Amino acid sequence: FIMGTGESKEDENTSGGNNDGDAVPVILHVYQPGADEQSPIGMVYHSGVEVYGSEYYYGGGGGSGTGIAVQKPKSQPRGSKWEYYQSHTICKNINKSRQQVPE
């Protein structure tokens with residue numbers, strides 16, 4: 001996929017819609033800055049990875065919001081004005097149980 005095309009689209013497999021009812025996809029969610037957060041060096045993106053219905057992302061910066069955090073998929077990252085842009089399935093089936101995926 002090519003980012004920065006200006007098109008907001010969602011991969012057809014992002015809801016886990018495949019033929020295997022037990023398959024657990026890994027989905028990359030991409031965010032772009034809101035209008036008042038544009039970067040002077042060009043377009044910058046933020047991303048999170050969804051597995052088992054939780055989205056994991058890195059929250060950098062000074063303060064208690066640093067490190068890996070979890071949120072509801074496709075939600076605005078806590079304390080930011082980033083906007084959901086698009087999603088892509090990066091793995092159709094993680095082939096691991098919920099217990100094998102660390103929190």
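Two strands are said to pair if DSSP finds at least two bridges between them, and strands of a sheet pair through backbone hydrogen bonds, either parallel or antiparallel. In this predicted model, 5 strands form an open sheet whose order is E4-E3-E2-E1-E5, with antiparallel pairing. The points below take up the sheet, then the aromatic pairs, and then the nonpolar core.

**The sheet**

- Strand E4, which covers residues 67–71, and strand E5 are the edge strands of the sheet, each of them pairing on one side only.
- From one strand to the next, the twist of the sheet averages 30 degrees.
- Strands E1 and E5 are joined by 7 bridges and pair in the antiparallel sense, and within this part of the structure valine 30 stands opposite glutamine 86 in E5.

**The aromatic pairs**

- A search of the whole structure finds 2 aromatic pairs.
- In the pair made by tyrosine 31 and tyrosine 84, the ring centres are 6.1 Å apart and the planes stand at 80 degrees, so this pair is edge-to-face, a class that calls for planes over 60 degrees apart.
- Because tyrosine 31 belongs to strand E1 (residues 26–32) and tyrosine 84 to strand E5 (residues 83–91), this pair ties together parts that are 53 residues apart in sequence.
- Tyrosine 31 has a relative accessible area of 0% and is buried, whereas tyrosine 84, with a relative accessible area of 26%, is partly exposed.
- In the pair made by tyrosine 45 and tyrosine 85, the ring centres are 5.7 Å apart and the planes stand at 40 degrees, so this pair is tilted.
- Tyrosine 45 lies in the loop between E1 and strand E2 (46–51), while tyrosine 85 lies in strand E5, and the pair therefore ties together parts that are 40 residues apart in sequence.
- Tyrosine 45 is partly exposed, its relative accessible area being 26%, whereas tyrosine 85 counts as buried at 2% relative accessibility, because buried means under 20%.

**The nonpolar core**

- The largest nonpolar core consists of 5 residues in all, namely Val24, Val26, Val51, Tyr56 and Val101.
- Valine 51, one of the residues of this core, is in contact with Val24, Pro25, Val26, Tyr56, Ile94 and Val101 when its neighbours within four places in sequence are left aside.

Notes
Residues numbered from 1 in each chain as written. Predicted model: local features only at pLDDT ≥ 70, side-chain atom pairs only at ≥ 80, totals over all residues. Heavy atoms only, no water. Core = buried A, V, L, I, M, F, W, Y, C linked by side-chain atoms within 4.5 Å. Buried < 20%, exposed > 50% of the residue type's maximum accessible area, 1.4 Å probe, protein only. Contact = heavy atoms within 4.5 Å. Phe/Tyr/Trp six-rings, centres within 6.5 Å; stacked < 30°, edge-to-face > 60°. Helix = DSSP H or I, 4+ residues; strand = E, 2+ residues; numbered from the N terminus. Axes fitted to C-alpha atoms, helices over the stretch in contact; angles between N-to-C directions.
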